[in-house]
Amino acid sequence: MMVEIKQEKGEPLFLSEPSSQAVAVLSGLPEGEGIRILDVSAEYVQFWGGERDHWLGASPKIVHQASANEQLICQLNSALACGKLSLGCSMSGLDHADEAPRSQAPRPLIEWRVTAMSMPGYADNVLVLVQRDITQRVEKEAELKRLATTDMLTGLMNRSRFDYLLKHELGRLNRYVRPFSLIMLDIDYFKTINDSQGHDVGDQVLRALATLLENNLRTADYCARWGGEEFMILAPETSLDQAAQLAEKIRQRISSASFPGAEHVTVSLGVAEATHSDTPKSMLKRVDNALYQAKESGRDRVAC
């Protein structure tokens, strides 16, 4: 549960207006009987159940967990008593609703905000509680983020995401002296596969290779489609010798694997270990040079 108190301009809310938000008007002065509900919207009743009359004069329901809800109400009373929740201030947070028994659906994510304000029809200032289910919005944002960082053909991370991770690892290397290496691989004679078998077969080879890489890398390794038939692997906590061994393992697995529509697929791999003087550009240049060396030396091999 996350709670935030901030100053913001309160705008009147009228409970008769249709809204996708659950709204409750609460007593705005700390009294012996505690904070109580003065009025609720139909959405609030629908959200929490029961009847409207049941909620009038009752203690508000801000979050689903009972102990957390009691704690929040105590915080509201304390904030009112010491003036932290004066007119125009708000208190907000997120609430994961409890899952229904045996339910396979994810728990809804509820955003709530309590704002101190004046409203027509109430002599004293009141607290207005607004709640809304933001589960779909958060899921949509997560999906958009996934799409923005994922290669659509192979399902691996894309170049943009890999660039970010490379910068992060270089920063970690300089701060904590933690080694890492890059492995760049390129499918040998991939143009021949596309020209002879068609681009559909070429796409199948790329997808199958991506799956093979994921199945043969360590949990901590990152793999991206770099572009075309090129792939990049970032191996944290890995020296040059260790990365070369990993690259050779990958080369052998690919060479012995069966690919849809292609008789035999091999790859050339370049390996480079990061140094303290490296920038992303210099690191990529060195691993690209190593890959070029592997291809110039006859392909289907690893060069460091």
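**Aromatic cluster, open sheet and helix packing**

Tyr44 and Trp48 are 4 residues apart in helix H1 (residues 42–48), so about one helical turn separates them. Helices here are DSSP runs of H or I with at least four residues, strands are runs of E with at least two, and both are numbered from the N terminus. The model is predicted: local features need pLDDT of at least 70, side-chain atom pairs count only at pLDDT 80 or more, and totals for chains, interfaces and linings use all residues. Residues are numbered from 1 along each chain as its sequence is written, and side-chain values use heavy atoms, with hydrogens and water left out.

Tyr44 has 0% relative accessibility and therefore counts as buried (under 20% relative accessible area, with a 1.4 Å probe and protein chains only; exposed is over 50%, partly exposed in between). Trp48, at 16%, counts as buried too. Tyr44 also pairs with Trp55. This pair is edge-to-face, with 5.5 Å centre to centre and 85° between the planes. Rings of Phe, Tyr and Trp (its six-membered ring) pair if their centres lie within 6.5 Å; planes under 30 degrees apart count as stacked, over 60 as edge-to-face and the rest as tilted. The pair links distant parts of the chain, as Trp55 lies in helix H2 (residues 52–55), 11 residues from Tyr44 in H1. Trp55 is buried, like Tyr44. Ring pairs join Tyr44, Phe47, Trp48 and Trp55 into a cluster.

The structure holds 4 aromatic pairs. In one of them, the ring centres of Tyr44 and Trp48 are 6.4 Å apart and the planes stand at 50°, so the pair is tilted.

An open sheet is built from 5 strands in the order S8-S9-S7-S10-S11, with mixed pairing. Strands S8 (222–227) and S11 (302–303) stand at the edges; each has a single partner strand, so one side of each lacks a neighbour in the sheet. Two strands pair if DSSP finds at least two bridges between them. Strands S7 (residues 180–187) and S9 (residues 230–236) run antiparallel and are joined by 7 bridges. Ser181 stands opposite Ala235 in S9.

The axes of helices H5 (residues 159–176) and H9 (residues 280–296) come within 10 Å and cross at roughly 105°. Axes are lines fitted to C-alpha atoms, for helices over the stretch in contact, and angles run from 0 to 180 degrees between N-to-C directions. H5 and H9 are therefore roughly perpendicular to each other (65 to 115 degrees; under 35 is roughly parallel, over 145 roughly antiparallel, the rest oblique). Asp163, Leu166, Lys167 and Leu170 of H5 make the contact with Pro280, Met283 and Leu284 of H9 (heavy atoms within 4.5 Å).
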